[in-house]
Amino acid sequence: MRVTLSVIKADVGGWVGHSHSHPEILELARKALEDAKDKKKILDYYVTACGDDLELIMTHKKGDANKEIHGIAWDIFLEGTARAKQLKLYGAGQDILKTAFSGNLKGMGPGVAEMTFEERLSEPVIIFMADKTEPGAWSIPLYKMFADPFSNPGLVIDPDMHQGFKFTVHDIVEKKEVIFSCPEEMYDMLALIGTVGRYEIKEVRRKVGNDIAAVTSTDRLNLIAGRYVGKDDPVMIVRAQKGLPDVGEVLEPFATPYFVAGWNRGSHNGPFMPVSEKDAHMSRFDGPPRVMAMGFQLAEGMLGLPADMFDDPGFDKARMECNQMADFIRRNGPFQPHRLEPSEMEYTTLSEILKKLKTRFKKA
Ligand code: F6R
Ligand code: MG
Ligand code: MG
């Protein structure tokens, strides 16, 4: 059967600053999606949170960018915002940038990753959800999963993966996209996606049959709103096994932590820490940026029980390394490369300071 998997998220208010999501808001979302399931609008759902982000995972048969499905999520975010305001949660309605719903959540604030596919004989999918970072955080792991044989040996030894994959890369500033065929165009692609704040991998497809393999959310809240409204804490869906990276190959890139942009005030580089669902909340310096991974084994469009993929001692060392990386980079305090470059900073006083100093600057 053809099924659509939609992951739609928004920060409708943080519980204790920007650190957690309030359990009552999650409960409200569960009730609304249970109701949508009863009324046969969706097949199944799972609600969770990563830090201050409410994550709605839904399966249905209505395809990508469906008005009714996006509307269900939008109504939950509005209801959640209303309750968040009563509870005086922090930044209530932070990601709800527009007031009127036009039929599609694109450009409205919430993040969306969706894919529609023919459910295979067995369909393992992993949903990654992150907080205190941006969609560019997915570029390193997607590259490693689908193009790096040192991370994914299946690219070399699995006859069904050996031909490589196609990557769609978005230029989120100019709102353009380009498709790279890898491994042939690997170096060209790396030249672009190395600029993480601008070029982001939107999706990955198999060359044979054009089957969807991975999809990310790539919205830029500050570009939508024209002002600082928080980072676009991203989500990503990856299908696994049988001609795609196996579950272990999908998770492997997170065992060797790397730096991502975001963290405190959305203005700092920090380590991307893989954590279990229960540890997906922010503390130290409003972070460090975190990623959780929930695995599902779809059955006729039903999500079934989730498996918490990073709830595993196999990732303890990565977490320890992240803490060490956090210590190292925190030493730079307000200096780069801990602090982001000016154009990437979500908070800045620079233009005001330069204005104030205008008359004092002398030719040197
Ligand atoms: C980063 C984030 C937090 C806030 C910080 C300041 O994405 O959500 O680090 O930027 O806590 O928040 P305000 O300005 O709301 O006090
Ligand atoms: Mg927040
Ligand atoms: Mg957040």
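I call a residue buried under 20% relative accessible area, exposed over 50%, and partly exposed in between. The model I am reading is predicted.

**Entry: salt bridges**

I started with Asp35. At 36% relative accessibility, Asp35 counts as partly exposed. Its side chain meets that of Lys39 in a salt bridge, 3.0 Å from N to O.

Next I looked up Arg83. The side chains of Arg83 and Glu24 form a salt bridge at 2.4 Å, N to O. Arg83 sits in helix α2 (residues 67-86) and Glu24 in helix α1 (residues 23-38), so this pair ties together parts that are 59 residues apart in sequence. Arg83 is partly exposed, at 26% relative accessible area. Glu24 is partly exposed too, at 34%.

Then I checked Asp279 and Lys278. Their side chains meet in a salt bridge of 3.3 Å, N to O. Asp279 is partly exposed at 31%, whereas Lys278 is exposed at 62%. I also noted a network: shared partners join Asp171, Glu174, Lys176 and Arg198 through salt bridges. The count of salt bridges comes to 21.

**Entry: the magnesium ions**

Which residues hold the magnesium ion (ligand 3) as protein donors? I found Asp52, Asp53, Asp131 and Asp233, each giving an OD atom. Along the chain, the donors follow the spacing D-D-x77-D-x101-D.

Asp52 bridges ligand 3 and another magnesium ion, ligand 2. The two ions are 4.7 Å apart.

Asp53 belongs to strand β3 (residues 53-60) and Asp131 to strand β5 (residues 123-131), so the pair ties together parts that are 78 residues apart in sequence. Are they buried or exposed? Asp53 is buried, with a relative accessible area of 0%. Asp131 is buried as well, at 0%.

**Entry: the nonpolar cores**

I looked for the largest nonpolar core and found 41 residues in it. Phe128, Phe146 and Phe254 have the most contacts inside this core. Helix α3 (residues 139-147) gives the most to this core, with 5 residues.

**Entry: helix α5**

I turned to helix α5 (residues 186-193). Met186, Met189 and Ile193 are buried there. Viewed down the axis of α5, the buried residues fall within an arc of 65°, so they line one face of the helix.

What covers the buried residues of α5? The cover includes α3, β6 (165-171), β7 (176-182) and β8 (199-206). Tyr187 and Ala191 are exposed, on the face of α5 turned away from its buried side.

**Entry: cis peptide bonds**

I checked the loop between β7 and α5, where Pro183 is found. A cis peptide bond joins Cys182 to Pro183, with omega about 15°. I found another cis bond from Gln336 to Pro337, with omega near 5°. Pro337 is in the loop between α8 (316-330) and α9 (350-357).

**Entry: positive phi and a hairpin**

I noted Lys242, whose phi is near 50°, a positive value in a residue other than glycine. Lys242 is in the loop between β10 (235-239) and α7 (247-251). It is exposed, with a relative accessible area of 71%.

Trp263 lies in the loop between β11 and β12. Is Trp263 buried or exposed? At 2% relative accessibility, Trp263 is buried.

Strand β11 (residues 259-262) and strand β12 (residues 268-271) run antiparallel, joined by 4 bridges. Val260 has Gly270 in β12 as its bridge partner. Between the two strands of the hairpin there are 5 residues.

How values were computed:
Residues are numbered from 1 along each chain as its sequence is written. Chains are lettered from A and ligands numbered from 1 in the order in which they are written. This is a predicted model: local features need pLDDT of at least 70, side-chain atom pairs count only at pLDDT 80 or more; totals for chains, interfaces and linings use all residues. Side-chain values use heavy atoms; hydrogens and water are left out. Two strands pair if DSSP finds at least two bridges between them. A nonpolar core is a set of buried Ala, Val, Leu, Ile, Met, Phe, Trp, Tyr and Cys residues joined through side-chain atoms within 4.5 Å. Buried means under 20% relative accessible area, exposed over 50%, partly exposed in between (1.4 Å probe, protein chains only). Donors are N, O and S atoms within 2.8 Å of the metal (3.2 Å for Na, K and Ca); water is not among the atoms, so sites may look incomplete. The arc is that of the directions from the helix axis to the C-beta atoms. Contact means heavy atoms within 4.5 Å. A salt bridge is a side-chain nitrogen of Lys or Arg within 4 Å of a carboxyl oxygen of Asp or Glu.
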